[in-house]
Amino acid sequence: MVNDFEGGRQEKDIVGSYFLELWRSKSKKAAVSYAKDVEMVNLDNECEELEEEEEPVPTELDTLNSSGGFSIVLPNKLSVQYPTVNLHGHDVGVVQANCPAPVKRLLYYFEIYVKNAGAKGQIAIGFTAEGFHMRRQPGWEANSFGYHGDDGLLYRGHGKGEAFGPTYSTGDVVGGGINYTSHEFFFTKNGQVVGTVEKDVKGRLYPTIAVHSQYEEVIVNFGKDPFIFDLKAYEATLRAKQQAVIERILIPQAASYGIIRSYLQHYGYEETLNVLDEASQTCIPPITTTTTTGVHDNGFNEYGAYALNHRKILRKLIKDGQIDDAFAKLREWYPETVEDDTSAICLMLQCQKFIELVRVGHLEEAVEYGRSHFEKFYKLKEYEDLVKDCAGLLAYEDPKKSGGLGYLVEDSQRENLADAVNAMILSTNPEEANTKRSCLHSYLERLLRQLTACFLEKRLLNGNQGEAFHLPRVLLAKNN
């Protein structure tokens, strides 16, 4: 809990507090990654960025919720047999997975290998809801779906099957999956898609198999071993179809140009902005976004040209590690941004100066700098953890290998500071209303944030099922 003084400081310094939280968030992620490394967990940065939201995934068959003596789950918990002669229609051996299928993703899929089709081949694969009657074939009861091997029919919620696909028997590999984007089930046989059917239930569903005649035996693969069906290729095809739909949406050239231009303006990339403007006039037809007064008017006018050259200079100084020079320029050009020497932006600048000294191995100078500049920050609880992170670098011979603190000496830490200083300068623009909020993000970033919110809302309306929007994933799909 923050006291009234600290709360007042945060409200006044919205910009600085925002970037401090970004820093704090990065610190926590670095600590978690380091802890995982210590536990010998293999982390791949690119995959970690794109991986599905963590959810429990089925790994074996449930041996507790069984169908009595009509199914025997073998000790590996991945094989099931039918041990007796079935006398009635309800003498079914049904087994669910040990947890529901994960839902916050594009696809879920599992397979079974029919080791023995038994006397009648009455094997089924499908999905069932929690509380399903374990003496009935999947698809015979409400909120259940099953593709049956003896007749090739699809059953969904009642005892009458629908023509669907081929039968399957001994030696066949059959798969069942859920496409959360199209709201469909899909089934495969020996690596080929058999068909799809509407998924008209929003609750959590368990991967389910059933055996129903003597000597039947199946082995389940929840993904521990490679699937026969090429799931990655199937997913790539689905994403390509999604991308094709998106690319058919026409966006006026001036609008896309305006979004990009506003981004470059917002972050002070003056040279790139000039190149873009020149290119816009040499393309055919030229992109016209200026008014009769020569001012750009593309619907994204956020006074981005304010202090453009100053912001460009400061960004370069910070990215080059020249913190003293950046501090001097701020005092000269925008003294109001650093007049409070305990503000968030002053903390970030002075911490970065300390970090730069550590980066070049000037440890004694770093210690002296820390003693003379950090004491005032230690007295403020809101800053204490970040200052301790910086001071912790001194404990390591190689700062880049300093456990969960190595992120501090990466270029991304300079980039975060450069963004903070850039936003702080934009907040001083007298021409712009509500600058404290609008200076934090460019129009492009606001559009992406809105897109993410829309994806999450759509997922919520779909029972919180389906994947969220991940820009890196979209860019990788676009480039592949």
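Me: What does the side chain of T428 reach?
Reply: The backbone oxygen of I425, at 2.6 Å. Bear in mind that this is a predicted model.

Me: Where does T428 lie?
Reply: T428 is in a loop, the one that runs between helix 13 (411-426) and helix 14 (435-438).

Me: And which residues does T428 touch, leaving out those up to four places away in sequence?
Reply: Y306, Y334, E336 and T337.

Me: Different topic. How many cavities of 30 Å³ or more does a search of the whole structure find?
Reply: Two. The second largest cavity has a volume of about 50 Å³.

Me: Which residues line the second largest cavity?
Reply: The lining consists of W23, M348, C351, Q352, I355, Q413, N416 and L417.

Me: Which helix gives the largest share of that lining?
Reply: Helix 9, with four residues. Helix 9 spans 344-359, and both helix 9 and helix 13 contribute at least two residues each to the lining.

Me: How does the lining of the second largest cavity divide into nonpolar, polar and charged?
Reply: Five of the residues are nonpolar and three are polar, with no charged ones.

Me: In what sense do strand 3 and strand 12 pair?
Reply: Antiparallel, over four bridges, with strand 12 covering residues 205-211.

Me: What is the bridge partner of G93 in strand 12?
Reply: V211.

Note on methods
Residues are numbered from 1 along each chain as its sequence is written. This is a predicted model: local features need pLDDT of at least 70, side-chain atom pairs count only at pLDDT 80 or more; totals for chains, interfaces and linings use all residues. Side-chain values use heavy atoms; hydrogens and water are left out. A polar contact is a pair of N or O atoms within 3.5 Å; within protein, one must be able to donate a hydrogen and the other to accept it, and residues adjacent in sequence count only if both atoms are side-chain atoms. Contact means heavy atoms within 4.5 Å. On a 1 Å grid over the protein atoms alone, a cavity is a set of points where a 1.4 Å probe fits but cannot get out, and a pocket is an open set with protein on both sides within 12 Å along at least five of seven lines; lining residues have an atom within 4 Å of a point. Grid points are joined across faces, edges and corners, and a volume is the space filled by probe spheres set on the points. Ala, Val, Leu, Ile, Met, Phe, Trp, Tyr, Cys and Pro count as nonpolar, Asp, Glu, Lys and Arg as charged, and the others, Gly among them, as polar. Two strands pair if DSSP finds at least two bridges between them.
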